[in-house]
Structure formats: structure tokens, C-alpha cells
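Here is a short report on one protein chain. Keep the sequence and the 3D view at hand while reading.

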Amino acid sequence: MSLKPLVLTRFCDIILLLPLILPVSPVQVTAMLQLPLLVTAQLDLVLVLVSLLSLWTRLGRLSYPSSVVFDEVYYGQFVSLYMKRIFFVDDSGPPLGHMILALGAYLGGFDGNFVWNRIGA
């Protein structure tokens, strides 16, 4: 004996089956299930506006500038100096941050003998 899948295609099938599952009368089932089923959703207008504004400011003019802009070439110079044991304090960031970058360079095998004078050097 094979089991057939239960397919409920009509509203009356649901009404006839629910009393077997739930201890309610058919009148209560009819009151619970009213066709057509109505789904409501609330839309937060402020959230939508902020989301659209954030997408516009993030994606607008994404192709500008058309060339690479990279201003962190100075960090390579800082790391090179730290690798040569020349320690200093400047306004570009905390010394611990430079030391952490130098630790990563040391662990990566960098010896500090690279001139960071231009991008793509």
C-alpha cells in the first residue's frame, strides 16, 4: 500500500480536513479561513527614503575619478623606517598602528629595503 500525498486544492477540502486536525467546528474553520486571503504589509517611508539616499550617495559617480587614487603610499615608507629600527611619532596615526603594520611586514618577509616614492614602483 503506497501513501499518496495530500493535496488540498479547494477551500472545502481545507474545511473538511481541519476538524480532523484541530478540535474546532466547521463554522469556526470558515470564520478563520476567509477567501480571498489578504496579506498586508507596512511600509516605513523614512526607512525607504534613507535607503534610497544611501544608495544614491554610494553608487552615484562611482566611476569618478577614472584613475587610481591611492594616498597610503606613506604607510609603506613608515613600515620601511620601522623595519630599519627608525622609530618616530607623526600625525598620520598612532605609533602602535604603524608597529602593527611593521609586524605584518616582518611576518611577510619584508626587510624595509624598498623605496616607496611613487605608486606602482
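## Overall make-up

This is a predicted model. The chain holds five helices and zero strands. Read from the N terminus, its elements run α-α-α-α-α.

The chain has 121 residues, and 13% of them count as buried. Among contacts with a separation of 6 or more, 35% link residues 24 or more positions apart.

Helix 3 covers residues 45-59. Its 15 residues reach 21 Å from the first C-alpha to the last. That is close to the 21 Å expected at 1.5 Å a residue.

Is helix 3 largely in the open, or is it covered? The number of buried residues among its 15 is zero, so helix 3 lies largely in the open. Residues count as buried under 20% relative accessible area and as exposed over 50%. Leucine 59 belongs to this helix. Leucine 59 counts as exposed because its relative accessibility is 52%, over the 50% cut-off.

## A leucine patch on the surface

Which residues form a nonpolar patch on the surface? They are Leu52, Leu55, Leu59 and Leu62. Together they have about 410 Å² of accessible area. One of them, leucine 59, sits in helix 3.

## The loop between helix 3 and helix 4

Arginine 61 is placed in the loop between helix 3 and helix 4. It is exposed, with 63% relative accessibility.

Proline 65 is found in this loop between helix 3 and helix 4 as well. A cis peptide bond joins tyrosine 64 to proline 65. Omega there is about -5°.

Which residues of helix 4 are buried? The list is Val73, Gly76, Phe78, Val79, Ser80, Tyr82 and Met83. The cover over the buried residues of helix 4 includes helix 5.

The largest nonpolar core has seven residues. They are Phe78, Val79, Tyr82, Met83, Phe88, Ala102 and Ala105. Helix 4 (73-83) and helix 5 are the elements that give two or more residues to this core. Helix 4 supplies the largest share, four residues. Alanine 102 is one of the core residues. Leaving out residues up to four places away in sequence, alanine 102 touches Val79, Tyr82 and Met83.

Is serine 80 buried or exposed? Serine 80 is buried, because its relative accessible area is 5%, under the 20% cut-off.

What does serine 80 contact beyond its neighbours within four places in sequence? Its partners are Phe110, Gly112, Phe114 and Trp116.

## The loop between helix 4 and helix 5

Arginine 85 follows helix 4, with a positive phi near 65°. Again, the residue is other than glycine. Arginine 85 lies in the loop between helix 4 and helix 5. At 66% relative accessibility, arginine 85 is exposed.

## Helix 5 and histidine 98

Helix 5 spans residues 95-107 and contains histidine 98. Why does histidine 98 count as buried? Its relative accessible area is 3%, and the cut-off for buried is under 20%.

Set aside the neighbours of histidine 98 within four places in sequence, and its contacts are Tyr75, Phe78, Tyr82, Asp90, Ser92 and Gly93. Two names on that list, Phe78 and Tyr82, also belong to the largest nonpolar core.

## In brief

Helix 3 has zero buried residues and lies largely in the open. Helix 4 gives the largest share of the core, and helix 5 is part of the cover over its buried residues. Arginine 85 has a positive phi in the loop between helix 4 and helix 5.

Definitions and conventions
Residues numbered from 1 in each chain as written. Predicted model: local features only at pLDDT ≥ 70, side-chain atom pairs only at ≥ 80, totals over all residues. Heavy atoms only, no water. Patch = residues over 30% accessible without salt bridge, like charges linked within 9 Å, V, L, I, M, F, W, Y side chains within 5 Å. Areas by Shrake-Rupley, 256 points an atom, 1.4 Å probe, with all protein chains shown as cover. Salt bridge = Lys/Arg side-chain N within 4 Å of Asp/Glu carboxyl O. Buried < 20%, exposed > 50% of the residue type's maximum accessible area, 1.4 Å probe, protein only. Contact = heavy atoms within 4.5 Å. Core = buried A, V, L, I, M, F, W, Y, C linked by side-chain atoms within 4.5 Å. Expected span 1.5 Å × (residues − 1).
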